[in-house]
Amino acid sequence: MVNTKVNLCGIQLDNPVIPASGTFGYGYEFAELYDINCLGTFSFKGTTAQPRYGNPTPRIAEYAGGLLNAVGLQNPGVDAVIAEELPKLAKCFHKPVMANISGFSVEEYVEVCRKLDACQQVGWLEVNISCPNVHGGGMSFGTDPKAAAEVTKAVRAVTTKPLILKLSPNVTDIVTIAKACEDAGADAVSLINTVMGMRIDLRRRAPLLHNTTGGMSGPGIFPLAVRMVYQVSSAVKIPVVGMGGVSSAEDVLELMMAGATAVEVGAANLVEPYACKKILEDLPVVMEHYGICDINEIIGGVHHG
């Protein structure tokens with residue numbers, strides 16, 4: 001029998017599979033389909049200080065390798081999440097959950113993190129400095145090492161829970177940004193978020209998305225995710241949570257061999273609501289096929305030859 005348990009920043013997960021923020025709601029929606037306690041954990045919808053309605057529609061488009069999205073951080077705001085969403089979640093999910101946090105200023109990140117840090121259900125704070133679909137926030141912090149470090153340091157000062165900084169692939173040197181976050185107090189980094197892309201409606205001669213551009217996700221970006229996880233995990237001593245186009249148990253193992261301790265699954269949940277359940281069912285079988293008894297043995301395996 002294979003071992004799928006991993007340790008992420010001092011918290012043990014039954015397995016490394018984590019639905020990514022923005023693709024799994026607040027969990028209870030998927031709990032109507034299957035028992036979500038089979039998951040390692042999940043990262044709930046990106047949360048800001050105030051409610052956000054998101055970008056105007058259309059805000060989802062397809063491309064041959066996946067999806068483009070420009071949802072724009074639609075969420076009810078942190079106070080409503082704590083008062084309404086987390087109590088609903090507690091009825092169907094009995095493990096620590098990962099809180100995903102976004103902001104438009106350092107002060108907003110601090111406010112939201114402080115409030116969610118006080119919630120017993122929250123195991124990790126995943127601070128998103130990589131969202132490409134809002135103007136003046138998110139990615140503006142994740143494209144500069146000094147700004148990324150500033151957010152990390154400020155949030156670290158008001159939190160006690162493990163702090164994961166979610167990084168943007170829309171940069172020239174993601175390694176430098178990851179190291180800046182590590183030096184400023186991050187317990188882990190997660191990557192990659194979506195890649196900037198665009199589609200055009202030939203009939204209207206106009207962008208398909210109201211926002212013009214959106215974040216590319218899906219299998220088309222998986223090789224980019226593998227490369228960046230490999231590079232970052234080579235350069236930092238803290239854990240890396242890998243994501244980007246994951247859709248199979250084989251993809252999970254590949255990202256872990258590149259250096260990921262755990263793996264988030266994003267767009268696949270939007271295409272197939274049972275995606276994570278199937279990955280978890282397949283994982284032991286695929287591990288046995290490749291002679292892997294303990295999943296921890298393969299973390300960063302490519303680095304060791």
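The following legends describe close-up views of a predicted model.

**View 1. Helices α5 and α6 pass each other in a right-handed crossing.** Helix α5 covers residues 145-156 and helix α6 covers residues 174-183. Their axes come within 8 Å and cross at roughly 30 degrees. Because angles under 35 degrees count as roughly parallel, α5 is described as roughly parallel to α6. On the side of α5, the contact is made by Pro145, Ala148, Ala149 and Thr152. On the side of α6, Thr176, Ile177, Ala180 and Cys181 take part. Sorted by class, the residues of this contact are six nonpolar and two polar, with no charged residues.

**View 2. A cis peptide bond joins Thr57 and Pro58.** The omega angle of this bond is about 0 degrees. Pro58 is found in the loop that runs between helix α1 (28-31) and strand β4 (60-63). Most peptide bonds are trans.

**View 3. The peptide bond from Leu191 to Ile192 is cis.** Here omega is near 10 degrees. Ile192 belongs to the loop between strands β9 (188-191) and β10 (195-197).

**View 4. Cys9 has a positive phi although Cys9 is not a glycine.** Most residues other than glycine have a negative phi. For Cys9, phi is near 60 degrees. The residue is placed in the loop between strands β1 (6-8) and β2 (11-13).

**View 5. Thr212 is a residue other than glycine with a positive phi.** Its phi is about 75 degrees. Thr212 is located in the loop between strands β12 (206-207) and β13 (214-217). The relative accessible area of Thr212 is 32%. Since partly exposed refers to values between the 20% limit for buried and the 50% limit for exposed, Thr212 is classed as partly exposed.

**View 6. Ser217 is a buried residue of strand β13.** The relative accessible area of Ser217 is 13%. Buried means a value under 20%, and Ser217 is therefore assigned to that class. When neighbours within four places in sequence are left aside, Ser217 is in contact with Tyr63, Gly65, Gly66, Leu67, Thr194 and Ala267.

Notes: Residues are numbered from 1 along each chain as its sequence is written. This is a predicted model: local features need pLDDT of at least 70, side-chain atom pairs count only at pLDDT 80 or more; totals for chains, interfaces and linings use all residues. Side-chain values use heavy atoms; hydrogens and water are left out. Axes are lines fitted to C-alpha atoms, for helices over the stretch in contact, and angles run from 0 to 180 degrees between N-to-C directions. Helices (H or I, at least four residues) and strands (E, at least two) are DSSP runs, numbered from the N terminus. Angles under 35 degrees count as roughly parallel, over 145 as roughly antiparallel, 65 to 115 as roughly perpendicular and the rest as oblique. A crossing is left-handed if the near helix is turned anticlockwise from the far one by less than a right angle, and right-handed if clockwise. Contact means heavy atoms within 4.5 Å. Ala, Val, Leu, Ile, Met, Phe, Trp, Tyr, Cys and Pro count as nonpolar, Asp, Glu, Lys and Arg as charged, and the others, Gly among them, as polar. Buried means under 20% relative accessible area, exposed over 50%, partly exposed in between (1.4 Å probe, protein chains only).
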